[in-house]
Amino acid sequence: MRLDKYLTELGAGSRSEVKKYIRAGLVTVGGVPVKRPEEKVRETDEVCLRGKKLCYVRYEYYLFHKPAGCVTATEDARHRTVMDYIHSAARRDLFPVGRLDLDTEGLLLITNDGALAHELLAPAKHVEKTYYAKVDGRVTEDIVNLFEKGVDIGEKKLTKPGILEVLREGDISEVRLTITEGRFHQVKRMFEAVGMRVLYLKRLSMGPLRLPEDLAPGEYRPLTDEELALLKPETLSAK
Ligand code: URA
């Protein structure tokens, strides 16, 4: 790829800034200064900016425990975004895969792999998402059965079936809900449809990814090799 593109992708500056650095002789490839921004480099080349070696990374994958109070976006004028928590990224083109509400916590994948994001989010792929929720009121057998059939949340079609498990009964119920869609505010609207309010919501899993118990809200870590293997398209579609 072009040297200026390589540097921009790694966040060395804007395209025009990195062109200036290159023309000023601040960039070396294999120890030799290169002054043409259009010069081609390979991922394996040793590229240095001001003598500091850059490490080329094509894709990055982070598992993030989103805390409440930050928006799932790359930019926002009013709130902290999920991207503000990811400090160690090499690339500048990372984005969150899917969306959690401002007050929702839990598992969020952050990557720059658009093809994987599509595999996980496309409605036709039916990727399972499991949530833990506290809801006000008692979750009856009828509600469990209704969720299993699909719920009318005021759109043309009922939701796809949701598997609702009651973890703790009471005036405030604790539940686990697994759904295969990602409609806007879907979990909250499914409970609203049966006259209940979600008081707390946390995503526990998305496809084969699970929220690790030792990852506190606001923390993140790179995906492990095992998790990456589970996200390969052939593995995902075999589920
Ligand atoms: N459903 C919701 O209502 N909110 C979320 O953040 C995720 C799923």
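In this predicted model, the shell around the ligand is made up of four nonpolar, three polar and two charged residues. These residues are Leu-100, Asp-101, Thr-104, Tyr-131, His-185, Gln-186, Val-187, Lys-188 and Leu-201. Helix H5, which spans residues 186-192, gives the most to this shell, with three residues.

The shell draws on two parts of the protein. Domain 2 (61-123 + 209-237) and domain 3 (128-206) both contribute residues to the shell, so the ligand lies between these two domains. The ligand sits in the largest pocket.

At Lys-188, a backbone N or O atom is 3.0 Å from an oxygen atom of the ligand. A polar backbone atom of Val-187 lies 3.1 Å from a nitrogen atom of the ligand. For Gln-186, the distance from a polar backbone atom to an oxygen atom of the ligand is 3.5 Å. On its own, the ligand has 240 Å² of accessible area, and the protein covers 96% of this area.

Definitions and conventions. Residues numbered from 1 in each chain as written. Predicted model: local features only at pLDDT ≥ 70, side-chain atom pairs only at ≥ 80, totals over all residues. Heavy atoms only, no water. Near = heavy atom within 4 Å. Polar contact = N/O pair within 3.5 Å; in protein donor to acceptor, adjacent residues only side chain to side chain. Areas by Shrake-Rupley, 256 points an atom, 1.4 Å probe, with all protein chains shown as cover. 1 Å grid on protein atoms, 1.4 Å probe; cavity = no way out; pocket = protein on both sides within 12 Å on 5 of 7 lines; lining within 4 Å. Sits in = over half its atoms within 2 Å of the grid points. Helix = DSSP H or I, 4+ residues; strand = E, 2+ residues; numbered from the N terminus. Nonpolar A, V, L, I, M, F, W, Y, C, P; charged D, E, K, R; others polar. Domains from an automatic or database assignment.
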